[in-house]
Every structure is written in structure tokens, then in C-alpha cells.
Amino acid sequence: VNRIDGQVRYELEERFRWQSRLLLGYCMHQKKGSTGYALVQRLSIIREHIRATAQVVFFHIEDWANRIYLHEPGFYYSFNFPVYYGSGHSTTLLLSFIPVKHLTLSAKISGTMNRGERSWKSGLQIRVKL
């Protein structure tokens, strides 16, 4: 598997972040070549009491051997690296509200459309720092 990964980032005073990323892959598997790509757009807005991150991934990967793992925004101390294979798109929205210094309320919703099939997942996290 050969990969090319390019990205552009823009930050404005740690309050606004935008990232555009393109991954291209070529795989030789069983004497047959396959290609794939994933295009990622991520936008984060950080204010005093609210943090919001949105990510959209468009992907087309022909062969399982050429699959792509990408980080998905998630809750505190969670590590989300879903696999992208097939053809479709995925959208994730993570919202965090910090009403007081040691309390964070977070909500996440994520949806994927892959080869005409939809899947959804959502969650809620309450974090108290003592």
C-alpha cells in the first residue's frame, strides 16, 4: 500500500480552526491494483463556554486491503478511528458546553452513508473535574 497525505490548516487566534486533508492510496493486492481516496474537511470553533467541531469525510476505496483509518472527533479520552472502505461520506458533529469551570456537557452525533446504507451513532458525556 502506498499513500500520499496532504493537508492545509488555518487557525485564527485559537478560536477558529479549519483543516482540509486529502489522502490518496494505491494498493497492489493479488496482482491487481486498486486506488482509493478520502477527503476530510474539519471545522472547529472555540469560545469561552462552547466548543464545536464538525467533520465531513468523502471517500471512495475500491479494495479492503486499501482501507483508510481516520481520526473522528470524539469525547474526552475517547479514541475514534473508524475504517473507511467502499464509497460514500461520513459526517460528525461534536458540541461541548462548559457552564462552569469544572463541568463539561458534550453531545456527539455521527452518520455514515456507505454504498447506499445509512448508519447513525450518537452519545452524551458529562464530565466533572474534581
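**Close-up 1. Glu-72, Lys-108 and Lys-121 are joined in a network of salt bridges.** In this predicted model, the side chains of Glu-72 and Lys-108 form a salt bridge with an N to O distance of 2.9 Å. Because Glu-72 lies in the loop between β5 (68–69) and β6 (83–84) and Lys-108 in strand β8 (residues 103–114), this pair ties together parts that are 36 residues apart in sequence. Glu-72 also forms a salt bridge with Lys-121, the closest N and O atoms being 3.6 Å apart, and this pair links the loop between β5 and β6 to strand β9 (residues 117–128), 49 residues apart. Glu-72 is buried, with a relative accessible area of 2%, and Lys-108 counts as buried at 10%, whereas Lys-121 is partly exposed at 44%.

**Close-up 2. A salt bridge joins Arg-21 to Asp-5.** The closest N and O atoms of the pair are 2.6 Å apart, and the pair connects Arg-21 in strand β2 with Asp-5 in strand β1 (residues 2–12), 16 residues apart. Both partners are partly exposed, Arg-21 at 21% relative accessibility and Asp-5 at 41%.

**Close-up 3. Nine residues make up the largest nonpolar core.** Among them are Leu-23, Val-40, Phe-59, Ile-61 and Tyr-84; β3 (32–46) and β4 (50–61) each supply at least two residues of this core, and the largest share, three residues, comes from β4. Leaving aside residues up to four places away in sequence, Ile-61 touches residues including Tyr-37, Ile-68, Tyr-84 and Arg-115.

**Close-up 4. Ile-4, Leu-22, Leu-24, Tyr-37, Leu-39 and Phe-58 make a nonpolar surface patch of about 510 Å².** Strands β2 (16–29) and β3 each supply at least two residues of the patch. Tyr-37, which lies in strand β3, counts as partly exposed at 35% relative accessibility.

Technical notes: Residues are numbered from 1 along each chain as its sequence is written. This is a predicted model: local features need pLDDT of at least 70, side-chain atom pairs count only at pLDDT 80 or more; totals for chains, interfaces and linings use all residues. Side-chain values use heavy atoms; hydrogens and water are left out. A nonpolar core is a set of buried Ala, Val, Leu, Ile, Met, Phe, Trp, Tyr and Cys residues joined through side-chain atoms within 4.5 Å. Buried means under 20% relative accessible area, exposed over 50%, partly exposed in between (1.4 Å probe, protein chains only). Helices (H or I, at least four residues) and strands (E, at least two) are DSSP runs, numbered from the N terminus. Contact means heavy atoms within 4.5 Å. Patches are made of residues with over 30% relative accessible area and no salt bridge: like charges are joined within 9 Å, nonpolar side chains (Val, Leu, Ile, Met, Phe, Trp, Tyr) within 5 Å. Accessible areas come from the Shrake-Rupley method with a 1.4 Å probe; for residues, only the protein chains shown count as cover. A salt bridge is a side-chain nitrogen of Lys or Arg within 4 Å of a carboxyl oxygen of Asp or Glu.
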